[in-house]
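Here is a short briefing to read alongside the structure. Take a look at the fold first, then work through the points by topic.

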Amino acid sequence: MHRRRILQGAAVTAAAALIPASARAAAATAGDTDYPSAHWVPASTSNCTASTRPSEYPVEYVVIHVTQETFSDAVAIFQNPAKRVSAHYVVRSADGYIDQCVREEDIAWHAGNWDYNTRSIGIEHEGYVDQPEYFTDALYEKSALLTASVCDRYGIPKDRAHILGHVEVPGADHTDPGPHWDWVRYIRLVNLLGTG
């Protein structure tokens, strides 16, 4: 009987490995996010690439974005299969609430550079580059906690060489997070709030 249970468990594990990452992502629940404080609101599987990171690609960067949209509009864009864009996370301005839209093992289409997409976690922040009032204390603090967690889990150094603005991605045609993003404050928070 014990041997049968072991074999059944092995069969279930093997079968789970055959399920595409995009299907696993679609089946995830709010309690099944990569970051415990996030809420699962999946992007369309047409807007990301299934992967097995970090085994397929190393995760070496965090890319910081600003949505140029409201929080709800940004999430809706990621759910629209015609848009061809996504990010792993979206952080709300007012309270730092976080939606996870793409599993970290999968590749979000956020950086405008395939190489950087494969090796980074993309975090969108509700707001507009020319409206600094969107960059609230709650947004900075909750985002920094998220970035610290990502860095701790993947061994990413918590510095400006590895935590990048979208504007710094080679070939990027975006300007976010823009001149009002307080990098000194953000990197300090990431380092203060991290565990590693």
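This is a predicted model: local features need pLDDT of at least 70, side-chain atom pairs count only at pLDDT 80 or more; totals for chains, interfaces and linings use all residues.

**Around Gln100**
- Gln100 belongs to strand β5, which covers residues 98–100.
- Leaving aside residues up to four places away in sequence, Gln100 touches Thr33, Asp34, Tyr35, Ala38, His39, Trp40, Val41, Pro42, His88 and Tyr89.
- One of these, Trp40, has Gln100 as its bridge partner in β5.

**The sheet**
- Strands β1 and β5 run parallel and are joined by two bridges.
- Both belong to an open sheet of six strands with mixed pairing, in the order β1-β5-β4-β7-β3-β8.
- Its edge strands are β1 (39–40) and β8 (163–165), each of which pairs on one side only.

- Helix α3 (residues 71–79) lies across β4 (89–91), β5 and β7 (120–125), and runs at about 165° to β4.
- Helix α5 (residues 137–154) lies across β3 (61–66), β4, β5, β7 and β8, and runs at about 175° to β7.

**The chain as a whole**
- The chain has six helices and eight strands, which follow one another from the N terminus as α-α-β-β-β-α-β-β-β-α-β-α-β-α.
- Of its 196 residues, 45% are buried.
- Counting contacts between residues at least 6 apart in sequence, 74% join residues at least 24 apart.

**Backbone spots to check**
- Most residues other than glycine have a negative phi, and most peptide bonds are trans.
- Arg53 and Pro54 are joined by a cis peptide bond with omega of about 5°; Pro54 sits in the loop between β2 (48–49) and β3.
- The peptide bond from Asp176 to Pro177 is also cis, with omega near 10°, and Pro177 is in the loop between β8 and α6 (183–193).
- Gln68, in the loop between β3 and α3, is not a glycine but has a positive phi of about 60°; its relative accessibility of 36% makes it partly exposed.
- Arg84, in the loop between α3 and β4, likewise has a positive phi of about 60° without being a glycine; Arg84 is exposed, at 51% relative accessible area.

How values were computed. Residues are numbered from 1 along each chain as its sequence is written. Side-chain values use heavy atoms; hydrogens and water are left out. Helices (H or I, at least four residues) and strands (E, at least two) are DSSP runs, numbered from the N terminus. Buried means under 20% relative accessible area, exposed over 50%, partly exposed in between (1.4 Å probe, protein chains only). Contact means heavy atoms within 4.5 Å. Two strands pair if DSSP finds at least two bridges between them. Axes are lines fitted to C-alpha atoms, for helices over the stretch in contact, and angles run from 0 to 180 degrees between N-to-C directions.
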